Amino acid sequence: MPIQHRVGVTLAVIGLVCGFSIVPTDEALASSLLVAPSTTLAPGQGEEPGTGAPAPDQQLLVDATIAAPVVNRDNLAATDGLQTLARVGTNEAWAKLVLMFGGWPQTDANVTVMLRWMRQENGPPDWWNRNNPLNNGYGSGGGAGLGSYPDLVTAAEYCAKNLQRGYPDIVAGLQAGSSADATASAIWASPWASSHYGNGTHWSTRPVEIVQAPASAWGL
């Protein structure tokens, strides 16, 4: 065989051997892969078709590169519902009930201005007088806010409805829920009270006493 042919054959053999040597084995491939964690969902039942062997466990494979999502629980919040507020039964609970019926946030500012408003209309010792804490005329059957409601839940619902139907500035303050003073100013300027609360001179900002009404006033 000519020398050039021998050299060519030799090089071809060397190249083939090198090619085999760089092909990874199955074991090498397996060791280089990320092993996905698995979770057994259910034990195998019955037999593997055609083999007679027990059926394998059902497993869920998850890509090892997928990170678990971060769950932020700090922003979770909840507000009391109608039944809970009625059972609490205080003037503060009634203020929150009005806010709930109106769809307004139960912020500290909103609860504070509602409690102060209730105090101006009926003092804390008997804030549930005639089941009409804000002396609301709408739906109470009495003029000048001297009517009554069958229970405090009904009173809260009618109060929210009356504000929504004719007191846009008060509603705007409650929707913002950020300033008791700003909402109070809207109340003074509104026609809710003919005295306008002395444009604020008859409006106290001292803390309001929390008082529980009788269960009968709540219709319980």
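A residue counts as buried when its relative accessible area is under 20%, and by that rule buried residues make up 33% of the 220 residues in the protein chain. The model described here is predicted. The protein chain has eight helices and two strands, and, read along the sequence, these follow the pattern α-α-β-β-α-α-α-α-α-α. Among contacts between residues at least 6 apart in sequence, 54% join residues at least 24 apart.

**The nonpolar core**

- The largest nonpolar core has 44 residues, and those with the most contacts inside it are Trp94, Met114, Trp117, Leu163 and Trp218.
- At least two residues of this core come from each of helix H3 (82-88), helix H4 (91-102), helix H5 (108-121), helix H6 (152-166), helix H7 (168-176) and helix H8 (180-189).
- As a general background, nonpolar side chains tend to be buried together in soluble globular proteins.
- Trp218, one of the core residues with the most contacts, touches Leu85, Ala86, Gly89, Thr90, Ala93, Trp94, Leu97, Trp127, Asp151, Leu152, Val153 and Ala213, when residues up to four places away in sequence are not counted.

**Helix H8 and its packing**

- The buried residues of H8 are Ala180, Thr183, Ala184, Ala186, Ile187 and Trp188, and these buried residues pack against H5 and H7.

**Salt bridges**

- The count of salt bridges comes to two, and, in general, side chains of opposite charge can pair when their charged atoms come close.
- An α-helix has 3.6 residues a turn, so residues three or four places apart point the same way.
- Lys161 counts as partly exposed at 38% relative accessibility, and Glu157 likewise counts as partly exposed, at 31%.

**The largest pocket**

- The largest pocket has a volume of about 230 Å³, and it is lined by 15 residues, of which Asn135, Ala144, Gly145, Trp192 and Ala193 lie nearest its centre.
- By class, the lining of this pocket has six nonpolar, eight polar and one charged residues.

**The cavity and Val208**

- The structure holds one cavity of 30 Å³ or more, and the largest cavity has a volume of about 30 Å³.
- The largest cavity is lined by Asn91, Leu115, Met118, Arg119, Asn122, Gly123, Pro124, Trp127 and Val208, and the largest share of this lining, three residues, comes from H5.
- Divided by class, the residues of the cavity lining are five nonpolar, three polar and one charged.
- Val208, one of the lining residues, lies in the segment after H8 and is buried, because its relative accessible area is 16%, under the 20% cut-off.
- The C-alpha atoms of Val208 and Arg119 are separated by 7.5 Å, although these residues are 89 residues apart along the chain.
- Not counting residues up to four places away in sequence, Val208 touches Asn91, Leu115, Arg116, Arg119 and Pro124.

**Asp151 in a loop**

- Asp151 is placed in the loop between H5 and H6, and this residue is buried, with a relative accessible area of 17%.
- Leaving aside neighbours within four places in sequence, Asp151 is in contact with Asn131, Ala217, Trp218 and Gly219.
- The C-alpha atoms of Asp151 and Arg130, 21 residues apart along the chain, are separated by 8.7 Å.

Key
Residues are numbered from 1 along each chain as its sequence is written. This is a predicted model: local features need pLDDT of at least 70, side-chain atom pairs count only at pLDDT 80 or more; totals for chains, interfaces and linings use all residues. Side-chain values use heavy atoms; hydrogens and water are left out. A nonpolar core is a set of buried Ala, Val, Leu, Ile, Met, Phe, Trp, Tyr and Cys residues joined through side-chain atoms within 4.5 Å. Buried means under 20% relative accessible area, exposed over 50%, partly exposed in between (1.4 Å probe, protein chains only). Helices (H or I, at least four residues) and strands (E, at least two) are DSSP runs, numbered from the N terminus. Contact means heavy atoms within 4.5 Å. On a 1 Å grid over the protein atoms alone, a cavity is a set of points where a 1.4 Å probe fits but cannot get out, and a pocket is an open set with protein on both sides within 12 Å along at least five of seven lines; lining residues have an atom within 4 Å of a point. Grid points are joined across faces, edges and corners, and a volume is the space filled by probe spheres set on the points. Ala, Val, Leu, Ile, Met, Phe, Trp, Tyr, Cys and Pro count as nonpolar, Asp, Glu, Lys and Arg as charged, and the others, Gly among them, as polar. A salt bridge is a side-chain nitrogen of Lys or Arg within 4 Å of a carboxyl oxygen of Asp or Glu.
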